[in-house]
Amino acid sequence: MDAEDPLEALPWGDMHLALATAAQKAERDRLTHEAWGSPLTVEQFHQRELRLRSHPWCREGMRTWLLLDDASQVLASCETFHTDSYLRGPDGVASRGVSHAIASVYTEPALRGHGYATHLMDLLATRLEQEPGSSHAALLFSDVGAPLYRRSGYHEAPAFDWHLSAAGGLSTHAVDALLCDGDVPLMMERIQRPEVPFLLWPSAAQIDWHLERERAYAELLRRPRPEACGATVGTSTVLWAMMARYGQLVVLMLDAETVEDAVALLEAARGVAHRAGLSRVVVWEEPSTLAWVARVPGASRVARDGSLPMLRPLRPGLPAAERVGFSRALWV
Ligand SMILES: CC(C)(COP(=O)(O)OP(=O)(O)OC[C@H]1O[C@@H](n2cnc3c(N)ncnc32)[C@H](O)[C@@H]1OP(=O)(O)O)[C@@H](O)C(=O)NCCC(=O)NCCS
């Protein structure tokens, strides 16, 4: 190893994990802007972050972690968010616990390539394993492929999307209702939870966090929000949010009883997307919805670019990542 290498000068033992103060979070916002801020200015991005951090879902369970050296210099950072999860025991009974969704893993350019992000992920997993309470798993959505996070015990799940073009002539005749933000809690109560060994399941507050992002971008980019955040037909439901920067309406949750319901709900999504000036509806492929979405006319399947779901168990008894469903609503 080169004598100039920071790893040589700084043994792993001298690095530690800490929770960021408000001032340190603000400092990180200014640095991470280069990765995630566009098209916002540095100040707008900081305001967006402040706004999201004050959302009820974040106040409940968001933490900003720092990897510090012995002089308390920040080497890398990331965030974790509490996500509800349910693990079925050998008796078949599902017990509720918490999983930790990790986001915004960041090392500033001058410090990259020295293993800091890897060390941060290792220390964080150990810390989460040791915390009291029922921690099930850590999950993340990688934009840099699998290898970096595989080193720290994460395994990827397959990631495919279904794309539908936005369509003129809002065809809401086939749905019973379009939904507004206030409908989300009731809708999340009626959406069927899949009966699976391990379920990562967003709360209504987590869904509203996506809508808070939508509200923030609509204001900052001065563009209207879509007229609805979802639709229902019979007992089937879809919830979606605008990703203004990408011209997309992303389906957060889809609970369709039949292929006819899936077609009706996604038609409504296409119409709402068109009227909001978006070009595409994106549906993440999940085992529970694949059969329906694959039969929706005009839907095309593409390998996902970025947002690769990865899972690291924090206790024994979890299924392999490829057997776990990752809805778009879980993305952070
Ligand atoms: C990704 C990032 C956090 C890595 O930080 P780091 O401290 O340099 O990470 P480490 O030194 O532990 O590991 C570096 C490895 O990550 C890989 N990596 C970094 N950026 C990558 C990218 N965009 N695509 C694929 N791999 C990447 C490097 O190739 C390197 O691999 P190697 O060790 O096999 O050569 C840092 O490059 C960064 O902040 N990037 C911008 C923000 C970002 O994309 N974050 C990840 C979001 S999922």
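**Ligand shell, cysteines and backbone geometry**

R222 lies in the loop between α8 (204-220) and β10 (230-233); helices (H or I, at least four residues) and strands (E, at least two) are DSSP runs numbered from the N terminus. The model is predicted; local features need pLDDT of at least 70 and side-chain atom pairs pLDDT 80 or more, while totals for chains, interfaces and linings use all residues. Residues are numbered from 1 along each chain as its sequence is written, and side-chain values use heavy atoms, without hydrogens or water.

The phi of R222 is positive, about 50 degrees, although the residue is not a glycine. R222 is exposed, at 77% relative accessible area. Buried means under 20%, exposed over 50%, and partly exposed in between (1.4 Å probe, protein chains only). S104 also has a positive phi, about 55 degrees, and is not a glycine. This residue sits in strand β4. S104 is partly exposed, because its relative accessibility is 25%. A cis peptide bond links S38 to P39, with omega about 5 degrees. P39 belongs to the loop between α2 and α3 (42-53). Most residues other than glycine have a negative phi, and most peptide bonds are trans.

The ligand is surrounded by 17 residues, each with a heavy atom within 4 Å of it. V105, G113, G115, T118 and R151 are the closest. At least two shell residues come from each of β4 (94-106), α5 (116-130) and α6 (147-150). Helix α5 makes the largest contribution, three residues. The shell holds eight nonpolar, six polar and three charged residues. In this count Ala, Val, Leu, Ile, Met, Phe, Trp, Tyr, Cys and Pro are nonpolar, Asp, Glu, Lys and Arg are charged, and the others, Gly among them, are polar.

The T118 side chain places an N or O atom 2.5 Å from a ligand oxygen. An N or O atom in the T107 side chain is 2.8 Å from an oxygen of the ligand. The ligand on its own has 890 Å² of accessible area, and the protein covers 63% of that (Shrake-Rupley method, 1.4 Å probe; for residues, only the protein chains shown count as cover).

No disulfides (cysteine sulfur atoms within 2.5 Å) are found in the whole structure. For C78, the nearest cysteine sulfur belongs to C58, 14 Å away. C78 is buried, at 1% relative accessibility. C229 is buried too, at 2%. Its sulfur is 6.6 Å from that of C180, the closest cysteine sulfur, and therefore too far for a bond.

H136, in strand β5 (residues 135-142), is buried because its relative accessible area is 1%. Its side chain makes a polar contact of 2.8 Å with that of S85. Such a contact pairs N or O atoms within 3.5 Å; within protein, one must be able to donate a hydrogen and the other to accept it, and residues adjacent in sequence count only if both atoms are side-chain atoms.

R28, in helix α2 (residues 22-36), is buried at 6%. Leaving aside residues up to four places away in sequence, R28 touches L66, V74, A76, S77, Y106 and E108; contact means heavy atoms within 4.5 Å. A256 occupies the loop between β12 (248-255) and α9 (259-275). A256 is also buried, at 11%. With the sequence exclusion of up to four places, A256 touches S236, D261, A262 and W292. The C-alpha atoms of A256 and V233 lie 8.7 Å apart, although 23 residues separate them along the chain.
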